[in-house]
Amino acid sequence: MKKTYFIWLAIQCVVWTFAFFQLPPELNERRLTSMSIFFIILFLLPLLTEKPLIQTILFCIQALITIIIFYPIDNVLNPYVILIQSLIIAEAVFYLSRLKSLIVIGVQLGAAAAIVLASTLTASQLAWCGLYYLLLVIALLHYQVIYKQEKAQRINNDTLLDEYRRMKRQLITEEEQARQDERMLIGHEIHDSVGHKLTALLLQFEAFRLTADEKDKVMIGNLKELAEQSLDETRQAVKSFKQREVGGLQGVIRLIRKLEMESFMKVNFSVKHGAFAAPLTGEQSFAIYRAVQEALTNIMKHSTTREAQVIFETPGGSIFRFEVINLTTPAPFFQEGYGLKAMRERLEKVGGLLEIDYDKQQFVVRGIIRLTDRSG
């Protein structure tokens with residue numbers, strides 16, 4: 001709406017510039033006052049979009065003011081008055097309903113008739129003026145019908161889009177709940193079967209160690225330690241099954257899928273140099289997931305575009321690097337907010353660092369984590 005207002009204002013200024021030079025050199029006080037009132041109304045109209053009745057009255061006042069400003073002197077018609085009156089009618093049709101715009105059109109055509117008939121015009125010129133106003137009104141009313149239909153269709157589409165997003169969110173929530181229920185079920189099965197059997201095995205090892213020969217106690221102790229390690233790993237697995245949020249690199253893929261489906265973001269995700277095989281710890285993987293999540297969320301909230309590029313790579317195999325790139329113009333007075341600061345601190349805790357690069361064309365969030373060789 002703001003853009004439309006400035007377009008109207010620019011057109012009015014251009015037309016009034018030409019019309020002003022066609023006015024007589026000696027402008028009396030009445031005409032100057034009328035021009036001032038005309039432009040005051042011009043600036044007030046966009047502020048009264050919620051009050052169509054007041055807008056209608058103001059449009060009618062503008063129409064009547066054109067008679068005072070452009071009433072022919074020596075029967076000479078100012079041709080630009082026709083354009084100014086056309087703009088008044090067009091603006092009324094744009095802002096008002098059918099009935100109210102017809103009222104403004106009737107008043108404006110009456111003002112136009114008063115000005116044209118007071119001028120010295122031939123019959124053919126009068127006919128052309130009448131034809132012009134007729135075609136103008138028909139075209140603008142036809143536009144009004146199409147515009148109202150498109151507006152209603154746009155509202156309907158927005159409603160359907162909101163409903164689609166709601167259903168997508170519900171679907172994602174249900175899928176997440178189903179996965180969580182399945183994970184909980186698997187976790188309980190592991191805990192109730194494998195966990196209990198390993199606990200019973202430990203008790204049997206301990207009972208056997210107490211009655212075993214001295215030469216066998218070392219081997220039994222080793223077997224018992226192996227069973228204890230297996231029990232600890234089983235408990236860790238059960239604990240991980242109970243976590244509601246899956247982090248790491250797989251979590252990033254799920255996050256991208258969710259944003260594309262629910263928020264209509266377009267994310268170009270690429271993996272280079274075997275990044276998925278990088279020896280990352282669980283803490284490092286989760287830190288990467290959180291960093292990418294925060295960067296994509298910031299793009300969705302603050303960027304003028306909904307396109308992003310996510311790159312994972314391990315150049316040389318010694319570091320893991322991720323980049324989230326948004327092709328947009330950053331704010332000239334950019335400052336790191338709480339999210340970026342938290343992202344930086346999280347990466348530093350796992351031996352990484354965060355870099356922010358931006359210029360006139362793109363905004364880049366880059367994270368680097370040094371890899372440790374865990375092959376041994």
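Residues are numbered from 1 along each chain as its sequence is written, and side-chain values use heavy atoms, with hydrogens and water left out. In this predicted model, local features need pLDDT of at least 70 and side-chain atom pairs count only at pLDDT 80 or more, whereas totals for chains, interfaces and linings use all residues.

Rings of Phe, Tyr and Trp (its six-membered ring) were taken to pair if their centres lie within 6.5 Å, with planes under 30 degrees apart counted as stacked, over 60 as edge-to-face and the rest as tilted. By this rule the count comes to 14 aromatic pairs. In one of them, the ring centres of Phe286 and Tyr289 are 5.9 Å apart and the planes stand at 40°, so the pair is tilted. Both residues belong to helix H9 (residues 282-302), where, being three residues apart, they are separated by about one helical turn. Phe286 is partly exposed at 31% relative accessibility, while Tyr289 is buried at 6% (buried means under 20% relative accessible area, exposed over 50%, and partly exposed in between, with a 1.4 Å probe and protein chains only). Elsewhere, ring pairs link Trp16, Phe38, Phe39 and Phe70 into a cluster.

Helix H4 (residues 80-95) packs with helix H5 (residues 98-117) at an angle of about 170°, their axes lying 9 Å apart. H4 is therefore roughly antiparallel to H5, a term used for angles over 145 degrees. The residues in contact (heavy atoms within 4.5 Å) include Val81, Ile88 and Val93 in H4, and Val104, Ile105 and Ile115 in H5.

Methods: Helix = DSSP H or I, 4+ residues; strand = E, 2+ residues; numbered from the N terminus. Axes fitted to C-alpha atoms, helices over the stretch in contact; angles between N-to-C directions. Parallel < 35°, antiparallel > 145°, perpendicular 65-115°, else oblique.
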